[in-house]
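Here is a short briefing to read beside the sequence and the 3D view. Keep the view open and find each part as you go.

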Amino acid sequence: MQIFGDRAHPVLEILEDLIRIPSVNPHYDGSSAGEIGIADYLEHRFNNSAFSVTRQPVLPRRDNVIVELKTGHPDRVLLFEAHMDTVSFGSMLEPLTPLYREGKLFGRGSCDTKSTLAGMIYAMEQCALQPELLNADLILCASVDEEHAYRGLTAFMELNIPIAAAVVGEPTELSIVVEHKGCTRFLIRTHGKAAHSSVPSEGDSAIYQMVHVLRHIKEKIEPQLIESRTQLCGAATIAVGTISGGEEINIIPEACEIKVDRRIIPGETPQQVLMDFESSLRNDVERYGVKLTIDPLLYDPALHTHHDAEVVKCAQKAARALGLKSELCGVPYGSNASKLQQYKGIPTIVYGPGSIAQAHSREEWVPVDGVIQAAEFYLRLAQTF
Ligand SMILES: [Zn+2]
C-alpha cells in the first residue's frame, strides 16, 4: 500500500473498489453484465446534495453516469470523461483482486481506465469540499462501450450539453496528449467471373485482380504515407488485415475481398482519406481491367486540439505546479477525445497514468505513484481552469 502523508491516498481506495467490480464489455464476453456494477457504485457514491447524478440509458442495462458539480458557472463547464468498460479477463489470474507488487497495482482495468476514473472521482469529491476555488462547473461522464463502439460517448454527445473543455482519461504515462491518430477502415471487393479451372480463360479471377490492388497499396500508398508525418503523431500508416476469396480449388474465383486499416493523422479526415484513396486506386488499376467496390467500415477522427487552447495551458500549469511533465504529446492510438474535439469542437486533452502497453495485456497494471499524481493533476486542473 502506498502511503500518502501518514495514510493511503484516498484515490487508491476508490481504484481498489473499481477493480473489484467486473465491467467487461459484453462485446468481449456475452455473459458479462457490462458496466452496471460501476454505474451503481458511482450513483451511490455521489448520492449527496453537492452533486446531481443522472443515469443516461444507452443500451439495455448499460447506462452512462453523469455527475454534475455546480459552482455557479453554467456557461463554463469542464468535462471529465472516462469509460467504465474493460476488455475481457483473458488469461489474467486474478482480474478482480487489486494486488500491490513493487509499486504497481494489478487488476483488469487498473490501467485502462479505472485509474483515471478513480482520479476523476477523487477530484470531483475534493472540489465539492471547496467549490469556491472553482471558476467552472464540473461534469464527470463515466461512459459505456468505449472498448467496442463508443456508443456511450455518442449518446452523451447527443445531449448537446455546452462544454468549454474536456479531459479524457486514458493511459498516457502522465503526458498531456493534444493529438492522436484516428482511422478509416474499409473493405475492398474485386469482382471476377467464375469458370471451371480446366478452362481458366473463360473466367476472370477476382484474386488476380486483387493482386493489382495489393500492389498499389504496398508500392504506391505506403511510401507516400512515410512522407506525411506530424511532429507529435508520426506518420500515417496503412495495413491490410484480412483477405478472403474463392470457393473451391477447381473454380476460378468470382470474388475476393480485403479489409484495410488506414491510420490517419491530425489534419486528415477519415472520409476525405478514403475518397482520395479510392480515386488513386481506380486510376492505377483500371488499365488492368480490375472491377472493384469499396465499402467504409469505420470512420474515427484524429485528435487535433489547438496547442494554445485554454485547457492545454491550464493543464501545463497544473502539471508544473505538481512537478510533473508539462510538454505536449501525441499518441498513435485513438480515444473518445477525438470525437469530442472533432464533432463538438470541444478543446480536449487526454491524460492518465500507466502505459497503453499494459492496457489490454495479460498482466494489466498501473504504477501506484502515477495513479496518485494523475488524481492530483485532475484536481489541480479543475481548480486552475
Ligand atoms: Zn481505454
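**Cysteines, sheets and cores**

The sulfur of Cys-329 is 10 Å from the closest cysteine sulfur, which belongs to Cys-233, and that is too far for a bond. This is a predicted model. The points below take the cysteines first, then strands, helices and cores.

**Cysteines**

- A disulfide is a covalent bond between the sulfur atoms of two cysteines.
- A search of the whole structure finds zero disulfides.
- A pair counts as a disulfide when the sulfur atoms lie within 2.5 Å.
- Cys-183 has its closest cysteine sulfur in Cys-233, at 13 Å, so the gap is too far for a bond.
- Cys-183 is also buried, with a relative accessible area of 4%.

**A three-strand sheet**

- Three strands form an open sheet in the order β6-β7-β20, and the pairing is antiparallel.
- β6 (99-101) and β20 (365-367) are the edge strands, and each pairs on one side only.
- From one strand to the next, the twist averages 25 degrees.
- β6 is joined by three bridges to β7 (residues 104-106), and the two run antiparallel.
- Look for Tyr-100: the bridge partner of this residue in β7 is Leu-105.

**Helices across that sheet**

- Helix α3 (residues 110-129) lies across β7 and β20, at about 50 degrees to β20.
- Helix α10 (residues 368-384) lies across β6, β7 and β20, and runs at about 65 degrees to β20.

- Strand β8 (residues 137-143) is mostly covered, with seven of its seven residues buried.
- In a regular strand the side chains alternate between the two faces of the sheet.
- In β8, Asp-137, Ile-139, Cys-141 and Ser-143 point one way, while Leu-138, Leu-140 and Ala-142 point the other way.
- Strand β4 (residues 62-69) runs antiparallel to β8, and five bridges join them.
- Val-65 has Ala-142 as its bridge partner in β8.
- Strand β5 (residues 77-83) pairs with β8 in the parallel sense, over seven bridges.
- Phe-80 stands opposite Leu-140 of β8.

**Nonpolar cores**

- Which residues have the most contacts inside the largest nonpolar core? They are Phe-80, Ile-349 and Phe-377, in a core of 65 residues.
- Phe-80 touches residues including Met-120, Met-124, Leu-140, Val-167 and Tyr-378, not counting residues up to four places away in sequence.
- A second, separate core has 21 residues, among them Leu-225, Ile-258, Phe-277 and Leu-281.

Terms used. Residues numbered from 1 in each chain as written. Predicted model: local features only at pLDDT ≥ 70, side-chain atom pairs only at ≥ 80, totals over all residues. Heavy atoms only, no water. Buried < 20%, exposed > 50% of the residue type's maximum accessible area, 1.4 Å probe, protein only. Pairing = 2+ DSSP bridges. Helix = DSSP H or I, 4+ residues; strand = E, 2+ residues; numbered from the N terminus. Axes fitted to C-alpha atoms, helices over the stretch in contact; angles between N-to-C directions. Contact = heavy atoms within 4.5 Å. Core = buried A, V, L, I, M, F, W, Y, C linked by side-chain atoms within 4.5 Å.
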